[in-house]
Amino acid sequence: MDAFEYISASHRVVFGSGTLRELPSMLQKINATSVLILCTPQQVSTGEEVQKLLGDAGVAIFTEATMHTPTHITEKALLVAKEKGVDGIVSVGGGSTVGLGKAMSIRTGLPHLCIPTTYAGSEMTPILGETENGRKVTRRDPKILPTAVLYDVDLFKTLPTGLTVYSGINAIAHAVEALYASNRNPIIELLAVEGVRVLCESLPVLQAEGQDSAEARQQALYGAWLCGMCLGSVDMALHHKLCHTLGGLFNLPHAETHVILLPHALSYNAPATPAAMAKLAAAIPGSEGDAVQGINRLYKKLGINISLGGLGMPEKGVDEACDIALANPYKNPRPLEREGIRELIRRAWAGEQAI
Ligand code: NAD
């Protein structure tokens, strides 16, 4: 076994069905008595449900959480928090809303409780990406990690099927890159394999039956939690860096970009990561020992058929993205080679299957 370092993050996590009712007691545990609730314009009714549950402790709702955490929105929310004199933040939503909560808590020191409603996993990470003047800057700081996380599988009943599938694969991508991270460790490898396994089993059920299967909803959220821990614990490589570059350059949607690039990034790194690929293949049902083909088969089962071109990325963007991807080196199991990276982006742009 290789030598490793393992750092465990300390925050409270509650998981189950109907757990939202535990919110008041969880807030007491983090010493928050009057909170600002955050949500997106699309999830106002969920924000209101949370406020109703909290009574006087839910002082106000800020409903403008936005993808990629623009700093002008954070400034606006901070003004509301100051005006209302709150002593805590509750974010209810996907990665966009959690991001706003993180941006506020790192600036104010206020405790931040997350109630995730997608599988993106941001609630488990000390990472914050913020956008200012069209540029996204990401930083990592232990103080960014939310104070507490409340997972209630019932809140996923409203997650549309498309987003369920894309967001679930976004979670799988965290686990995939954790398996070949330069700073991986045996604990994270266990979480990654289990996360991939339960998501590969539950996503096809959710895709076929909608959110009716309570068991599949539980399994998917459990898997997403494990994958979120992978993302928060070890360094991500080619796949996440490319998603970041392409998403920023062409304003592409987060989860969909992850879905399109994952098999291609995996295929690029596979020759350099035989041990990780073997673990991954064993976790993907029907992979027959080949992780890339396992992901291809999973996509076929889920009816995934999207491309970067279909998301609006122009064809001439392939070279531009390739130049930027090669300009800032980072740790990746296989060295970044122009020809291979360009072909990876081209295939993802065209919507071709990974080989
Ligand atoms: P999102 O938060 O932008 O949500 C997408 C849409 O789905 C929104 O309109 C939202 O209101 C809606 N929605 C969410 N949950 C719903 C539900 N249960 N029912 C109905 N509608 C629902 O999407 P996302 O993919 O969760 O997050 C993407 C953002 O999170 C990106 O900005 C990304 O960079 C960030 N992110 C950050 C980290 C990190 O560690 N810092 C990790 C993952 C994602």
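Domain bounds here come from an automatic or database domain assignment. For this protein chain, that gives domain 1 (12-157) and domain 2 (160-350), and their C-alpha centres lie 26 Å apart. The model is predicted, so local features need pLDDT of at least 70 and side-chain atom pairs count only at pLDDT 80 or more, while totals for chains, interfaces and linings use all residues. Residues are numbered from 1 along each chain as its sequence is written, and side-chain values use heavy atoms, with hydrogens and water left out.

**Where the domains meet**

Contact (heavy atoms within 4.5 Å) between the two takes in 22 residues from domain 1 and 26 residues from domain 2. The size of an interface is often given as the accessible area lost when the parts come together. Here the buried area (accessible area, 1.4 Å probe, that two parts lose on being put together, summed over both) is about 1,900 Å², with carbon and sulfur atoms giving 65% of that. On the domain 1 side, Phe15, Tyr119 and Met124 lose the most area to domain 2, and together they make up 35% of what that side buries.

There's one salt bridge across the interface of domain 1 and domain 2, a salt bridge being a side-chain nitrogen of Lys or Arg within 4 Å of a carboxyl oxygen of Asp or Glu. The side chains of arginine 217 and aspartate 154 form a salt bridge at 3.9 Å, N to O.

Strands are DSSP runs (E, at least two residues) and helices likewise (H or I, at least four), numbered from the N terminus. Strands S1 (12-16), S7 (135-140) and S8 (148-152) each give two or more residues to the side of domain 1 that touches domain 2. S7 gives the most, with three residues.

**Cysteines and a tyrosine**

With a disulfide taken as a pair of cysteine sulfur atoms within 2.5 Å, the count is zero. Cysteine 200 is in no disulfide, and its nearest cysteine sulfur is that of cysteine 227, 9.1 Å away. For cysteine 230 the closest is also in cysteine 227, at 5.6 Å, which is too far for a bond.

For accessibility, buried means under 20% relative accessible area, exposed over 50%, and partly exposed in between (1.4 Å probe, protein chains only).

| Residue | Relative accessible area | Class |
|---|---|---|
| Cysteine 200 | 2% | buried |
| Cysteine 230 | 0% | buried |
| Tyrosine 330 | 22% | partly exposed |

Tyrosine 330 sits in the loop between helix H12 (317-327) and helix H13 (338-350). Leaving aside residues up to four places away in sequence, tyrosine 330 touches Ala237, Leu238, Lys241, Ala325 and Leu336.
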